[in-house]
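Have the sequence and the 3D view open as you read.

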Amino acid sequence: MRENYIPVKIAGVGYSLPETVITNDDLTKLYETSDEWIYTRTGIKERRLVSGSEDAMDLGLDAAKKALEKSGIKPEELDLIIAASSAPPQLYPAIACHIQSRLGIETDIPAFDITAACSGLIYGMQVAKGFINSGIYKNILIVATDNNSRYLDWTDRGTSILFGDGAGAMVLTPSSDGIEDILSIDIKARGSIGALIYKDNVGKNCPLVEPCPEHDGFIHMNGKEVYKFVVTILPQYIEEIIAKAGLKAEDIDYLIPHQANLRIIQAIQERLNYTDEKVITNIKYYGNTSAASVPIALAEGVEKGTVKLGSTAILCGFGAGMTWGGAIVRLREGIC
Ligand code: COA
């Protein structure tokens with residue numbers, strides 16, 4: 001270990017979901033589909049959607065408060081806020097700045113967003129770990145939150161069946177007992193296939209120049225190609241992360257993956273030869289909540305007792321960019 005290396009403690013996690021539930025049967029009112037078609041291809045039965053003026057910032061704030069409470073860190077003790085979102089309700093101010101304000105933090109700590117879609121938590125953890133390990137910042141709040149439902153074309157049955165809204169948060173601090181909780185972490189991107197999932201901002205050129213083509217602002221996805229790409233690279237990638245940590249798959253207690261498609265999760269599960277108890281899934285009830293998916297699965301798993309603490313877990317995400325990433329973490333008692 002490097003001299004002056006400060007290990008990271010995962011001090012608290014939390015999550016938040018909107019109350020409104022939309023089932024697969026509800027979607028049959030919008031277009032021709034069926035619960036059977038959606039469930040067999042994706043593992044999704046229902047999703048939670050924001051309603052009225054509720055948005056990703058409200059959900060993120062709620063998740064942040066819960067993670068902070070568990071961590072024992074007060075908002076005014078934070079040194080940095082990082083928010084991860086696929087598509088923030090406002091591009092600026094950053095979600096992280098809104099959270100800073102709504103937590104009542106009056107010191108001018110830095111706050112910024114990262115856009116790594118459904119890999120957002122892992123990207124945020126990598127950035128935060130670097131800051132803590134090097135002693136630049138101590139207490140860091142990561143908020144991963146999305147309200148995809150507001151950017152879906154609700155006539156497009158290829159995308160609108162998949163996504164839901166939600167938020168998750170994690171508080172990272174220096175570890176006082178010298179134990180590093182992020183045993184291994186890695187992030188990747190391949191921009192050359194970015195067109196597989198994209199969402200344009202809507203804007204117009206100056207009226208004095210030639211107009212630009214109009215964009216709809218919806219989430220667009222080539223679902224088949226995304227599926228093929230992810231099942232081709234992810235299982236082997238996760239094996240590599242495990243090996244990088246000097247571990248074997250059987251040394252790790254849980255797989256807590258991004259909840260995009262149950263069949264993708266099962267492909268990883270098969271590769272690692274894990275039983276169902278070791279694989280945390282909630283896609284059936286929440287669909288794909290993008291950046292929020294991994295922290296929701298983690299925090300909810302702990303809350304419901306499907307993830308026992310004093311354990312280790314592989315977190316992994318993938319999404320637009322294309323980005324992907326994975327982390328092997330130690331889950332201490334008391335984080336949720
Ligand atoms: N209900 C009923 N029929 C549907 C449908 C729906 N919701 N969506 C598509 N169909 C139809 C299509 O029109 C097509 O009919 P056709 O053969 O008569 O043209 C047929 O079903 C097959 O469509 P296709 O788009 O090829 O389906 P698919 O098997 O690829 O499944 C996904 C679509 C989206 C479920 C699947 O591609 C997927 O999950 N991909 C991964 C996406 C992902 O994980 N994205 C997030 C990354 S973070």
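## Helix α9

Of the 12 residues of α9, 10 are buried, so the helix is largely enclosed by the rest of the structure. Bear in mind that this is a predicted model. The buried residues of α9 are Ser 293, Val 294, Pro 295, Ile 296, Ala 297, Leu 298, Ala 299, Glu 300, Gly 301 and Val 302.

How far apart are the end C-alpha atoms of α9? They are 16 Å apart, which agrees with the 16 Å that its 12 residues should span at 1.5 Å a residue. Just after α9 comes Gly 305, which takes a positive phi of about 85°.

Ser 290 sits in the loop between α8 (283–286) and α9 (293–304). Is this serine buried or exposed? Ser 290 has a relative accessible area of 2%, under the 20% cut-off, so it is buried.

The side chain of Ser 290 makes polar contacts with the side chains of Ser 86, at 3.5 Å, and Asn 148, at 3.2 Å. Leaving aside residues up to four places away in sequence, Ser 290 also touches others, including Cys 118, Asp 146, Phe 163 and His 258.

## The largest pocket

The largest pocket has a volume of about 1000 Å³. Its lining counts 42 residues, with Leu 162, Phe 163, Ile 197, Ile 219 and Met 221 lying nearest the centre. Among the elements that give two or more residues to this lining are α2 (35–42), β9 (197–199) and β12 (311–319).

Helix α6 provides the largest share of the lining, five residues. By class, the lining has 22 nonpolar, 13 polar and seven charged residues.

Note on methods: Residues numbered from 1 in each chain as written. Predicted model: local features only at pLDDT ≥ 70, side-chain atom pairs only at ≥ 80, totals over all residues. Heavy atoms only, no water. Helix = DSSP H or I, 4+ residues; strand = E, 2+ residues; numbered from the N terminus. Buried < 20%, exposed > 50% of the residue type's maximum accessible area, 1.4 Å probe, protein only. Polar contact = N/O pair within 3.5 Å; in protein donor to acceptor, adjacent residues only side chain to side chain. Contact = heavy atoms within 4.5 Å. Expected span 1.5 Å × (residues − 1). 1 Å grid on protein atoms, 1.4 Å probe; cavity = no way out; pocket = protein on both sides within 12 Å on 5 of 7 lines; lining within 4 Å. Points joined across faces, edges and corners; volume = space filled by probe spheres on them. Nonpolar A, V, L, I, M, F, W, Y, C, P; charged D, E, K, R; others polar.
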